[in-house]
Amino acid sequence: MLDSFHMNIEEDHIGDAIRTAGRYLGHLHIGESNRKVPGKGHIPWKEIGQGLRDIDFSGDVVMEPFVLHNCPVGDDIGVWRDLSDGADEARLDSDLEESLRFLKKEFGVSSL
């Protein structure tokens, strides 16, 4: 398993880390550098998409944004402020939809 948030912190080149994992990679967690949905930070998504294509990745991709505090998940990981800019549930859903469209474009795929 690899995680884009942590690779952003720890890896020199995320695409190379994906290629190194190669056939052993079965699961990818994706989230932005700021814990928001993909597309609202500075993770190199095209590089990640190319790395996944290079290894013919067919495993699971799970988006894990952590934007809310004062909720079970936010409390568990120590989110100490609202990263959603006060979004209501409809806006959070819209952000996810927008992020999926963004990822499809950046990864060069028609489905996720």
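## Start with one word: buried

A residue is called buried when its relative accessible area is under 20%, exposed when that value is over 50%, and partly exposed in between, using a 1.4 Å probe and protein chains only. Serine 99 is buried by this rule, because its relative accessible area is 1%.

The model you are looking at is predicted, so local features need a pLDDT of at least 70, side-chain atom pairs count only at pLDDT 80 or more, and totals for chains, interfaces and linings use all residues. Residues are numbered from 1 along each chain as its sequence is written, and side-chain values use heavy atoms, with hydrogens and water left out.

## The chain as a whole

Let's get our bearings. The chain has five helices and three strands, and from the N terminus on they follow the order β-α-α-β-α-β-α-α. Here helices (H or I, at least four residues) and strands (E, at least two) are DSSP runs, numbered from the N terminus.

Of the chain's 112 residues, 38% count as buried. The accessible surface comes to about 6800 Å², and carbon and sulfur atoms hold 49% of that surface; such areas come from the Shrake-Rupley method with a 1.4 Å probe, and for residues only the protein chains shown count as cover. Now think about contacts, meaning heavy atoms within 4.5 Å. Among the contacts with a separation of 6 or more, 64% join residues 24 or more positions apart.

Helix H5 covers residues 89-107, which is 19 residues, and reaches 27 Å from its first C-alpha to its last, close to the 27 Å expected at 1.5 Å a residue. The expected span is 1.5 Å times one less than the number of residues. Which residues of H5 are buried? They are Asp95, Ser99, Leu103, Glu106 and Phe107. These residues sit on the same side of H5, because they cover an arc of only 85 degrees around the axis. The arc is that of the directions from the helix axis to the C-beta atoms.

The buried residues of H5 pack against strand S2 (27-30), helix H3 (45-54) and strand S3 (60-63). On the face turned away from this buried side you will find the exposed residues Ala90, Arg101 and Lys105. Serine 99, our opening example, lies in H5 and touches Val37, Pro38 and Met63, not counting residues up to four places away in sequence. Just after H5, glycine 108 takes a positive phi of about 70 degrees.

## Rings that meet

The structure holds one aromatic pair. The partners are tryptophan 45 and phenylalanine 107, whose ring centres are 6.2 Å apart and whose planes stand at 50 degrees, so the pair is tilted. For this label, rings of Phe, Tyr and Trp (its six-membered ring) pair if their centres lie within 6.5 Å; planes under 30 degrees apart count as stacked, over 60 as edge-to-face and the rest as tilted.

Because tryptophan 45 lies in helix H3 and phenylalanine 107 in helix H5, the pair ties together parts that are 62 residues apart in sequence. Both partners are buried: tryptophan 45 has 2% relative accessibility and phenylalanine 107 has 4%.

## Helix H2

In helix H2 (residues 14-21), the buried residues are Ile14, Gly15, Ala17, Ile18 and Ala21. They cover an arc of only 160 degrees around the axis, which puts them on the same side of H2. Strand S1 (2-3), helix H1 (4-10) and H3 are included in what covers them. Just after H2, glycine 22 takes a positive phi of about 50 degrees.

## Stops in the loops

Where does arginine 35 lie? Arginine 35 is in the loop between S2 and H3, and it counts as partly exposed at 23% relative accessibility. Its phi is near 75 degrees, a positive value in a residue other than glycine. Arginine 35 also lies over the face of phenylalanine 5, at 3.7 Å from the ring centre; a charge sits over a ring if NZ of Lys or CZ of Arg is within 6 Å of the ring centre and within 35 degrees of the ring normal.

The loop between H3 and S3 holds aspartate 56 and glycine 59. Aspartate 56 is exposed, with a relative accessible area of 65%, and has a positive phi near 50 degrees. Glycine 59 counts as partly exposed at 29% relative accessibility. The C-alpha atoms of glycine 59 and histidine 27 are separated by 5.5 Å, although these residues are 32 residues apart along the chain.
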